[in-house]
Amino acid sequence: MTIDSDPIPATLSWAVRLLRAEGVAVGLVAAWLLWADLTATTTDLTSALLVTAFAIGAAAALWALGGALARRKAGARAPAIVLQLMLLPIGWFMVQGGMGWLGVPLMALGLGMTALLVSTPTTRALGFE
């Protein structure tokens with residue numbers, strides 16, 4: 001048994017918590033999509049299942065990246081940053097579509113998470129410095 005003498009910095013700890021929370025949130029959306037797929041009266045089943053599969057994959061990726069970062073796997077940082085930056089265009093199109101109440105917080109979440117992931121304490125904890 002090894003004990004890591006360096007505690008996980010708060011920035012990395014919060015990034016892990018938020019990635020896991022995002023994974024749960026997207027998982028709930030995926031569950032709702034699956035329910036909607038199964039109860040819809042008319043649908044393009046192939047498209048509906050592809051969207052649902054994408055949501056399930058995104059939830060799994062977010063959860064797995066959170067776990068990898070908790071174990072200080074440096075290779076998980078770049079994919080996590082990419083997923084967070086994907087929230088910017090999603091949020092922007094939500095703002096353009098009249099859903100600014102959701103789009104602006106999503107954009108702020110993406111930027112905040114990116115800041116946590118590239119912060120100096122996180123960078124050091126992952127062995128980049």
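Predicted model: local features only at pLDDT ≥ 70, side-chain atom pairs only at ≥ 80, totals over all residues.

Next, the packing of H1. The buried residues of this helix include Thr-11, Leu-12, Ala-15, Val-16 and Leu-19. Glu-22 and Asp-37 are also among the buried residues of H1. The buried set packs against helix H2 (45-70), helix H3 (77-85), helix H4 (87-96), H5 and helix H6 (120-125).

Now the core. The largest nonpolar core contains 15 residues, and those with the most contacts inside it are Leu-12, Leu-19, Leu-69, Ala-76, Ala-80 and Leu-117. H1, H2, H3 and H5 are the elements that give two or more residues to this core.

Take Leu-117 from that list. Leaving out residues up to four places away in sequence, Leu-117 touches Ala-15, Leu-69, Arg-77, Ala-80, Ile-81, Gln-84, Thr-122 and Thr-123.

Last, Val-118, which is in helix H5, residues 100-118. Is Val-118 buried, exposed or partly exposed? Its relative accessibility is 44%, so Val-118 counts as partly exposed; the class runs between 20% and 50%. Apart from neighbours within four places in sequence, Val-118 is in contact with Arg-77, Ile-81 and Thr-123. Val-118 and Ala-76 are 42 residues apart in sequence, and their C-alpha atoms are 12 Å apart in space.

That's what I have. Questions are welcome.

Methods
Residues numbered from 1 in each chain as written. Heavy atoms only, no water. Helix = DSSP H or I, 4+ residues; strand = E, 2+ residues; numbered from the N terminus. Buried < 20%, exposed > 50% of the residue type's maximum accessible area, 1.4 Å probe, protein only. Contact = heavy atoms within 4.5 Å. Core = buried A, V, L, I, M, F, W, Y, C linked by side-chain atoms within 4.5 Å.
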